Amino acid sequence: MIPGKRYPMPDHFIKKILLDENTSGHPYARAILKRLAGTPVRKIHMDKEKRYSAETGMGKDTLHLLNYQGDFLKPCPGTRNYICCGYQILNLATNCPLNCSYCILQAYFNRPNLNIFINFNEKLIEILKDIDSTPDRIFRIGTGEFTDSLALDPVTGLSEYLLPLFSTRKNAVLELKTKTDRVGKLLTSGYRDRIVVSWSLNSPYICSREEHGAASLKQRLEAARICQEEGFVLAFHFDPIIHHDNWREGYLRTIELMDARIKPEGIIWISLGAFRFMPELKSLIRKRHPDTCVLDGEFIVGLDGKMRYFKPIRLEFYSYMRENLEKWHKNPGLYLCMESDDIWSKTMGWSPGTSTGLSRFLDARVREIFQ
Amino acid sequence: MTKMGSIAGDSPRKVDIRNIDDGPGGPYCMSFNFDPGPLADAIRRAGLINSPVLKENGQDKFDVVAGYRRIHAMKLLGWNKIPCRIVSGLPPLKCLLLNLYDNLSVRTFNDVEKAMILNRLLTWVSKEELFKVYMPLLGLPSHEPVLKYYLRIESEPDEDIRKAIADGVVCTRAARMLLEMDGHVKSRLCDLIQSLKFNTNYQIQLIELLIDISHKEKRSIPDIIDSPGLKDIIASDRMNNPQKINAILGTLRSRRFPRLVQAEERFKQMVCRLDLPEGVSIRRPPFFEAPGYRMEVFFENGKELERKIEHLLHEKNLATLRDPWEKIPHA
């Protein structure tokens, strides 16, 4: 949300709140409830709640405030036989109010609703201790893997808690990844160092047709422009790249729109990842998004058991994107998400060889950009 | 779980067969697609050993509680009056369970019969009890989608499809996909599967390919089946069923995965062009996804291996072997 402009608030789509009994007195829960004053609240005991199924729906209109007992910081699940970036997921919330047809979360979690973990503050203290105790290691941490980092920020105010904690640490960066323009709280925060604001981008056709509820491409890039102007380091993720008619023109148009708004030297990295999915996601996509085009491509079973585009199609995607992004800027910090060594070599002209190699490359980008 | 208690029926009494409501929609019926012939033959030879159990339905007529098959067999034998035990005042759930346990002890149920049982039980017991007690009893996993599938079978209006499911001609996974489709589409597909006798694996491949192509090309499935290439294969009198199935799946695969199929063919051609010694083969990884290719050399002794390696070293075309989507390198 850009100051001075009016956008629908998340309370526009949050129709009810589920409040776990043991979170009702928590100051963070109270703050969220205050922001959503007027929204019906039901106190529940979590164990009695139904699990997600195609029948129950995903509960995208229900905010569930609960305590989480699992690990708050975990390595990106990665996938076997492909090179992973070594990103750490700060797991503060699960599920997403946006409704992208290709979203992996449709098959990933068995609990419905937009879940916000109220007890994160206590757990963060331990995580920060770990970060501080290994000063030679760079922690690349993000909140955008199991949810959109900013879609609910006007309600949760998570960025207000997180930015001061990460901005003051020299061996960590916090990446907030989004498909929205809800950057209002970031802009008013005053914290810039060690914070990366990133956007998932796609061709205009895919953005408008498949990313339901997300900000338009222009809105996203406008928000990115303002963030950059306000001193934030940016990143972009062309992930998932999707084959569709005139995909070359489409992705090129997106790069042109970036060029019109963004200074490439302020970008820490740009990732490229062709659409891939667990086989069980296919029937869910067909059911939830019958008119989608994302399943039309030639998918084969990858080495990790996930469905991936047939190799020469991926080679074309990455080579084309690299060629055009490097025309824009000679060193945009390009990397491939979950790809094999040979695809790296054939499309990027080099390969990190292993996940450790890719981590080293991205850590070096952190050192270079944040000095 | 509901306790059965005892069934205090009277001793058998003769009931006019015309007064017995023995249609498949009966409240306790769990028999579908059976041939009463063998049972009729047995009754003719040995007589009726166990009398069917009936319940008055209040209009001087009777519902069948247990013994649908026996009643149909006796009808076939031309009996007008048959000895039956009449239960009165037995609650519907107990009647249903009486029939369920009576059948369970002597036979297995087909999928349509399981669907009938679950549907009828759901009128009287909670979903939780169905999951906990009755689905395991029927050998079914207690999952919501499984239940949903069985409830859908029962509401399937097309008798031929229900027969195909009951006979196992259409496998469970294929049936689940078929039941999601519009009436004429599933009938058309079911006919194709039955007429050419697709096996389980091929049924699934066929349906998945057709669904994908239908979405991609924005054409209906019957329209795809009627397209010239497929229509000719189906109508061909020069191919037997297995050949037709292979040809149909091959045609659909080329349409769904044109680049992959083209790459497979090109690679095959490249390998065929090589003058490989006998016992030497070159394989590609599945879908060309893993890097590299594999050569296998069969030999019985070192001399033979040496000879084959020598042969390979002199094979000029070996250098042309490459990823099939790559352009031919300039000399």
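This is a predicted model: local features need pLDDT of at least 70, side-chain atom pairs count only at pLDDT 80 or more; totals for chains, interfaces and linings use all residues.
Domain bounds here come from an automatic or database domain assignment.

View 1. Residues are numbered from 1 along each chain as its sequence is written, chains are lettered from A and ligands numbered from 1 in the order in which they are written, and side-chain values use heavy atoms, with hydrogens and water left out. Look for domain 1 (1-107) and domain 2 (267-327) of chain B. Their C-alpha centres lie 70 Å apart.

**View 2. The overall form of chain B.** The C-alpha trace of chain B spans about 95 × 50 × 45 Å along its principal axes. Chain B contains 15 helices and seven strands (DSSP runs numbered from the N terminus: helices are H or I with at least four residues, strands are E with at least two). Of its 331 residues, 42% count as buried (under 20% relative accessible area, with a 1.4 Å probe and protein chains only; exposed is over 50%, partly exposed in between).

View 3. You can find A:Thr147 in the loop between β9 (139-142) and α4 (153-156) of chain A. Is A:Thr147 buried or exposed? A:Thr147 is buried, because its relative accessible area is 11%. Leaving aside residues up to four places away in sequence, A:Thr147 touches A:Ala93, A:Thr94, A:Asn95, A:Cys96 and A:Leu105 (contact means heavy atoms within 4.5 Å). The side chain of A:Thr147 also reaches the backbone oxygen of A:Asn95 at 2.8 Å.

Notes
A polar contact is a pair of N or O atoms within 3.5 Å; within protein, one must be able to donate a hydrogen and the other to accept it, and residues adjacent in sequence count only if both atoms are side-chain atoms.
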